[in-house]
Amino acid sequence: MAFVELVGLTKQFGSLAVVNKINLAIDKGNLVCLLGPSGCGKTTTLRLIAGFIEPSGGEIRVGGKRISAPGASAPPEARNMSMIFQSYALWPHMTVYENVAYGLRLRKLPKTEIRARVDEILAATKLSALGERYPSELSGGQQQRVSLARALVIKPETLLLDEPLSNLDANLREEMRFEIRRLHDEFRYTTVYVTHDQSEAMTTADLIVVMNQGIIEQSGTPEDIYQRPMSEFVARFIGGTNIFKGKKVGTDSVACAGGLVLRCASGDFADQGETAVSVRHHDILLFADKPASTDANWIAGTVTRQIYLGSHRDYLVSIPGGETVRTVAPITVAIPVGQQVWLNFPPEHCRALAH
């Protein structure tokens, strides 16, 4: 049975449904990322789980027990949850040790148990040598570790994270993604993690829940979401992709603008025939010379942009019908702007989208 359940969960502000009848089941010990653009409802969902706001409809259950419903919600302090915010919210006048121990002291645990638990979590978060420092003496990454340690030391049933890495620079963000996953694997708390960064979600999550305009567009493992998007929104939001709109022809192909016909090995075609095809940038093959055979999923185009990015080159290619295609190639493939090229869209990487 799921440990955290959202059943028809709704939150309205006036006539606007910020969260609109969503259903989600989270297994105990899983790390679930709520992923989506600003304004999609992910942070509101997290605040509903935390008990900071009350739902307008539906309910939240934890361990089979209802903790939130309209007019009947348990207060945040009664939910056995810890929450980590964008700002680290550390006490500036307390040392690292005192910040981490604060929640245990509020619970009036014996001093020996507090010392043992704080020492254990400081070691797990690689902060043992910094216990006597103050927050102002720490880097951003170290402050985020303290925030994590403080949340974990009270042994919550559920850990909630609201875009915890947004204040860090790119290198620290990447390091902390792996650190959050490592700590999750060590402690196995049920975790709900809000982010707008698809790389964070792909790195940390057992389950990604993609939200858009208050609803859940799709949920699944990182591989499911990336390899098998169910909508144009998901395909665009998770990883770079090209979307070609057209009409179904035959049993497995889509006729697009400019004479491009794409045979698709996976996906769902719209019942009315008007559909779209998603092809990831890195799955398109780029050729400077015309191949001997161009029967399936081939089209000629003209390079309109080429950018050297160190590990690869990023190309924008104009094709008939006014479409542009973005693709990548090894750095050894250096084709100048204005030159004609040929593109191949392997059918196994073409996915039909019903909506």
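Author: A residue is buried when its relative accessible area is under 20%, exposed when it is over 50%, and partly exposed in between (1.4 Å probe, protein chains only). The structure above is a predicted model, in which local features need pLDDT of at least 70 and side-chain atom pairs count only at pLDDT 80 or more, whereas totals for chains, interfaces and linings use all residues. Residues are numbered from 1 along each chain as its sequence is written, and side-chain values use heavy atoms, with hydrogens and water left out.

Reader: Is Arg-61 buried or partly exposed?

Author: Arg-61 has a relative accessible area of 26%. Because of this value, Arg-61 is classed as partly exposed.

Reader: Which residue forms a salt bridge with Arg-61?

Author: A salt bridge is a side-chain nitrogen of Lys or Arg within 4 Å of a carboxyl oxygen of Asp or Glu. For Arg-61, the closest N and O atoms of the pair are 2.5 Å apart.

Reader: How many residues apart in sequence are the parts tied together by Arg-181 and Asp-206?

Author: Arg-181 and Asp-206 form a salt bridge, with 3.1 Å between the closest N and O atoms. Helices (H or I, at least four residues) and strands (E, at least two) are DSSP runs, numbered from the N terminus. Arg-181 lies in helix H5, whereas Asp-206 is in the loop between helix H6 (198-204) and strand E9, so the parts that the pair ties together have a separation in sequence of 25 residues.

Reader: What is the relative accessible area of Asp-314?

Author: The side chains of Asp-314 and Arg-305 meet in a salt bridge, at 3.1 Å from N to O. Arg-305 counts as partly exposed at 30% relative accessibility. Asp-314 is buried, and its relative accessible area is 3%.

Reader: Which residues touch the most other members of the largest nonpolar core?

Author: A nonpolar core is a set of buried Ala, Val, Leu, Ile, Met, Phe, Trp, Tyr and Cys residues joined through side-chain atoms within 4.5 Å. The largest has 42 residues. The two that touch the most other members are Val-100 and Val-118.

Reader: Which element gives the most to this core?

Author: At least two residues each are supplied by strand E3 (31-35), H2, H3, H4, strand E7 (158-162), helix H5 (170-187) and strand E9 (207-212). The element that gives the most supplies six residues, and it is H4.

Reader: Which helices are included in what covers the buried residues of H2?

Author: Among the buried residues of H2 are Val-96, Tyr-97, Asn-99 and Val-100. Contact means heavy atoms within 4.5 Å. Leaving aside neighbours within four places in sequence, Val-100 is in contact with residues including Val-118, Ile-121, Val-146 and Val-153. The cover over the buried residues of H2 includes helix H3 (111-124) and helix H4 (140-153).

Reader: How many Å separate the C-alpha atoms of Glu-120 and Gly-36?

Author: Glu-120 lies in helix H3 and is partly exposed, at 47% relative accessibility. Along the chain, Glu-120 and Gly-36 are 84 residues apart. Their C-alpha atoms are separated by 35 Å.

Reader: Is Cys-350 buried or exposed?

Author: Cys-350 is placed in the loop between strand E20 (340-344) and strand E21 (351-353). Leaving aside neighbours within four places in sequence, its contacts include Arg-263, Cys-264, Val-277 and Phe-345. Since its relative accessibility is 0%, Cys-350 counts as buried.

Reader: How many Å separate the centres of domain 1 and domain 2?

Author: The domain assignment gives domain 1 (2-227) and domain 2 (242-353), where such bounds come from an automatic or database assignment. Taken over C-alpha atoms, the centres of domain 1 and domain 2 are separated by 40 Å.
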